[in-house]
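Please walk through this structure with the sequence at hand.

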Amino acid sequence: MIYILTGPIRSGKTTTIKDWVEQRMDVDGLLSPDDDNGKRFFLKIKSREEIEFEVEFKSEKTINIGRFHFLKSSFEKANSFLKTFSSEPKNYYLILDELGKLELKNEGLHASTEILISKFLDSGKHYLILVVRDYLLDDIVAHYNISEYKIITKDALDNL
């Protein structure tokens, strides 16, 4: 089963999930919170390992979208980590935070997302939670051909 947590930019989606996973042992995946300087990083949920991915300057080592610059190597690490869940998931819930414009261009977390969606689509005992900005929801659903999913809000997360 696939859940999609959606909402506007900067509406607290990641913070809500971060608070939710603090109370649970059956969740893994990646969050993308902001650090103290306002730069996003990947946070592996179970291990708490951080992977820097937003940097100040554009270079040959970055993927650039708008005014943001993300390290290609960080996405490689993140995709590798997420692909480990494509065999038999060890957790009830797997989180991918967040899918957006990069994934629509087959970049960012696209490689792992494509694999995981097909894995979780028919699963009755494991759940994939995708975090998507509200204005990209229809595009993400179409891009990944997600035929069955449930929309959840921050408030509904506690009911899972």
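Which residues does Tyr144 touch, not counting residues up to four places away in sequence? The model is a predicted one, and in it Tyr144 touches Glu103, His110, Thr113, Glu114 and Ile117. Tyr144 sits in the loop between helix 5 (137-143) and strand 10 (150-152). Despite this loop position, Tyr144 is buried, because its relative accessible area is 9% and buried means under 20%. Glu103 is 41 residues away from Tyr144 along the chain, and the C-alpha atoms of the two are separated by 9.5 Å.

The loop that holds Tyr144 also holds Asn145. Asn145 has a relative accessibility of 61% and therefore counts as exposed, since the cut-off for that class is over 50%. The phi of Asn145 is positive, about 50°, although the residue is not a glycine.

The largest nonpolar core has 31 residues, and Leu128 and Leu130 have the most contacts inside it. At least two residues of this core come from each of strand 1 (2-7), strand 6 (62-65), helix 2 (72-83), strand 8 (93-99), helix 4 (110-121), strand 9 (127-133) and helix 5. Helix 2 gives the largest share, four residues. There is also a second, separate core of 17 residues, which includes Val21, Val27, Leu31 and Leu157.

Leaving aside neighbours within four places in sequence, Leu130 is in contact with Ile2, Tyr3, Ile4, Leu5, Leu96, Leu99, Ile117 and Ile146.

Strand 9 is mostly covered, with six of its seven residues buried. Strand 9 runs parallel to strand 1, and six bridges join the two. Within this pairing, Tyr3 stands opposite Ile129 and Leu5 stands opposite Val131. Strand 8 also pairs with strand 9 in the parallel sense, over six bridges; here Tyr93 stands opposite Tyr127.

Strand 1 has a further partner. Strand 1 and strand 10 pair in the parallel sense over three bridges, and the bridge partner of Tyr3 in strand 10 is Lys150.

How many of the residues of strand 1 are buried? Six of its six residues are buried. In a regular strand the side chains alternate between the two faces of the sheet. In strand 1, Ile2, Ile4 and Thr6 are on one side, while Tyr3, Leu5 and Gly7 are on the other; these are all buried, so both faces of the strand are covered.

Helix 4 can be checked against simple geometry. Its 12 residues should span 16 Å at 1.5 Å a residue, and the end C-alpha atoms are 16 Å apart, which agrees. The buried residues of helix 4 are His110, Ser112, Thr113, Leu116, Ile117 and Phe120. Seen down the axis of helix 4, the buried residues fall within an arc of 150°, so they line one face of the helix. An α-helix has 3.6 residues a turn, so residues three or four places apart point the same way. The cover over the buried residues of helix 4 includes strand 1, helix 2, strand 8, helix 3 (101-104), strand 9 and helix 5. Three of the buried residues, His110, Thr113 and Ile117, are among those that Tyr144 touches.

Another loop residue is Arg40, between strand 2 (27-31) and strand 3 (41-44). Arg40 counts as buried because its relative accessibility is 15%. Apart from residues up to four places away in sequence, Arg40 touches Ser32, Pro33, Asp34, Phe53, Glu54, Phe68, Phe70, Glu98 and Arg133.

Glu98, one of the residues that Arg40 touches, lies in strand 8. The peptide bond from Asp97 to Glu98 is cis, with omega near 0°. Most residues other than glycine have a negative phi, and most peptide bonds are trans. Arg48, in the loop between strand 3 and strand 4 (50-52), has a positive phi near 70°. Arg48 is partly exposed, with a relative accessible area of 39%.

Lastly, Ala156 is found in the segment after strand 10. Ala156 is partly exposed at a relative accessible area of 24%. Leu5 is 151 residues from Ala156 along the chain, and their C-alpha atoms are separated by 9.2 Å.

Notes
Residues numbered from 1 in each chain as written. Predicted model: local features only at pLDDT ≥ 70, side-chain atom pairs only at ≥ 80, totals over all residues. Heavy atoms only, no water. Buried < 20%, exposed > 50% of the residue type's maximum accessible area, 1.4 Å probe, protein only. Contact = heavy atoms within 4.5 Å. Core = buried A, V, L, I, M, F, W, Y, C linked by side-chain atoms within 4.5 Å. Pairing = 2+ DSSP bridges. Expected span 1.5 Å × (residues − 1). Arc of directions from axis to C-beta.
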